[in-house]
Structures are given as C-alpha cells and as structure tokens.
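Here is a short briefing on charges and salt bridges. Have a look at the model first, and then we can walk through it together.

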Amino acid sequence: MKPLLLILFSISIANAQEAASLIERLNDMTPSERQRVLNCMPRARREMLERRINNWNKIDPAAKEKLRREFALLQQLPPERQDAARRTLRQISDLPEDRRKAVRAAIHHLRQQTAEMQQRKTSSRAFRERFSEEERKLVTDAVSLLPPAQAEDPKETAH
Amino acid sequence: MNCVLNQEEQEELLLGYTCAHLDADTARTYERHLKSCPQCQKLVELQLMLNSTFEDWTAPDPSPNFDAKLFAQIRAEQVNATPWWQALFGWKLLVPAALAATLLIVFLVRKPEPTAVVEAIPTEQIEKVEQALEDFEALHAISEAPAKEAL
C-alpha cells in the first residue's frame, strides 16, 4: 500500500508543479501575449483568471511553497472528496465578509489541532455560540475534508 | 547741351504740347524753351510724327469667323497642355491616389516586425491552472485568517 501512496503523492506533486509552472508561464507573458493565449475564454472568466494570477504574485515564496504542498495533498484525495472540499470552500467564500473571516479563522485554528482537540472545540459551548448552525457545518466539513495544514517551513515540523 | 527739365516734366510737357492739351501760358513758356533746347525740339518732332502715323493708320477688319477660330485654338492648346493623369482624374483624386501608392510601397518594402511566438496552452491545462489558482486562493485565505482569536 505504501508504494501506491508514494506514487499517488508523486503524481499530485507533479500536478501541483505543472499548475505552478503554467501559472509562471502565464505570468511571464506580456498582457497582449496572455490575451492571445486566453483569447478563446469568455471575458469574465479571463479577468477572474488574471485577478487570481495577480493575487498569486503577491504571495511570498515561503507561503507559495506551503500552498503548493497543500494543493498536492488536496489532489491526492479521492475526486469526490476534492469536489466536496471545493464546494465547502466556495460556500465559505459566499458568506458575508465578517462571517467569512470568522469561519476561516476557526478552520485555520482547528486544522492546527489534534483530532481529539478538534472534537472538544467543535463540541464546546463557545463554538455553538459564536457560529450559526450553517457556519458550524461549514467549519467541521472543511476541517474534515481538507488535508492537514502544512507548516510554512517543512524543516520546522521535522524537529 | 542738356535739357534743364527733368524726365517727368519733359514727358508731361511733350505729350501735353503735341496733343494741344496745355494751357496757353504753359504752351508759350514751353515754346520759348523749345527755341533754346534742341533735345526737346527733336522729341516734339518725333512725337508729332508718331501721332500723325497713328492718325493715318486704319485697323484691318477681322475675318468673319475670327472669334470661332481663336476660341477653338485656345481650347486645343488647353487640352494639349493638361497631363493625361490630370485630364483623366483631376487634381482632387491625385492626393488620395498618391497616398494609397505610398502606403502600398511601405507595405511591400517594410520588413514585418519580429513577433514573439507564444506557445498555445491547451484548454485542459488552462482549466487546471484555473482550478489550481482557485484552490490556492481558498487555502491561502484560510492560512491567512487569524487563528489565535478564532475559538
């Protein structure tokens, strides 16, 4: 079983690297070249892609590396679970800004905890008081569907 | 001996005297001057001769179709003097025609600018990039959220 997992992880890493290298390719293009390449896309979709490329460019290299590893782990999940995770993430992004921030902060916090601690916190009175039922579901779904959070520098976690 | 009159006075008096247009006093004064000025005497003599020649001359009658012949000749000269392109197009068409010819020459002569060849990215790869960027954005938003104050 272990060699199979290793192969799957290698494929995921390769996919993440491919995606990253494609982003870099788009990034290196002049606006007119990029427009030529993406010309077949509807305008709104192209603008969304360009906005996301610009956001990606603003992330510092260490955080980018961490995101690549998380993305690789996400790709390693079964397709149904990936889809479910993405649906949850989209629902979170549709929340009002203040609730979106609170939900994301809770997910961030819980992903750093052990499974036992996650269980205790999501059963706590504070969690119930702070979030609505829908928000609590989004938090618990995201924590259970997403792969474990990655440390910014993998060397730090080795110690 | 040179005449004491300047050229303008000389001409005015000469023409006035020979045509009998001078008043009596001026005519008498001029006659006194003529007695002492051979140069003016000579000029008066020549002017009187010229006047009598004009009086004697009668202009010949033009031929009956003189005007028709003259205008036909003028038209023929105008047509011959007009270049073929001007006769054909007129000058107003010449400017755009010259501009078009210049543009054609520029188009034919100029070398095309070297354009960078942009390798096309297949649609499925673009979709992968979109998906990856969406995932990166969502994961980044979570990792950037302040975890300490969450629960």
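A residue is called buried under 20% relative accessible area, exposed over 50%, and partly exposed in between (1.4 Å probe, protein chains only). This is a predicted model, in which local features need pLDDT of at least 70 and side-chain atom pairs count only at pLDDT 80 or more, while totals for chains, interfaces and linings use all residues. Residues are numbered from 1 along each chain as its sequence is written, and side-chain values use heavy atoms, with hydrogens and water left out.

**Chain B overall**
- Chain B has seven helices and zero strands (DSSP runs numbered from the N terminus: helices are H or I with at least four residues, strands E with at least two).
- Of its 151 residues, 22% count as buried.

**Salt bridges within chain A**
- Over all chains there are 13 salt bridges (a side-chain nitrogen of Lys or Arg within 4 Å of a carboxyl oxygen of Asp or Glu).
- A:Arg111 pairs with A:Glu70 at 3.9 Å, N to O, linking helix H6 to helix H4 across 41 residues.
- A:Arg111 is buried at 10% relative accessible area, and A:Glu70 is buried at 1%.
- A:Glu47 and A:Arg43 form a salt bridge with their closest N and O atoms 2.9 Å apart; the two sit four residues apart in helix H3, about one helical turn.
- A:Glu47 is partly exposed at 41%, whereas A:Arg43 is exposed at 59%.

**Between the chains**
- A:Arg86 meets B:Asp135 in a salt bridge of 2.6 Å, N to O, running from helix H5 of chain A to helix H7 of chain B.
- Both A:Arg86 and B:Asp135 are buried.
- A salt-bridge network links A:Arg51, A:Arg52 and B:Glu137.

Key
Chains are lettered from A and ligands numbered from 1 in the order in which they are written.
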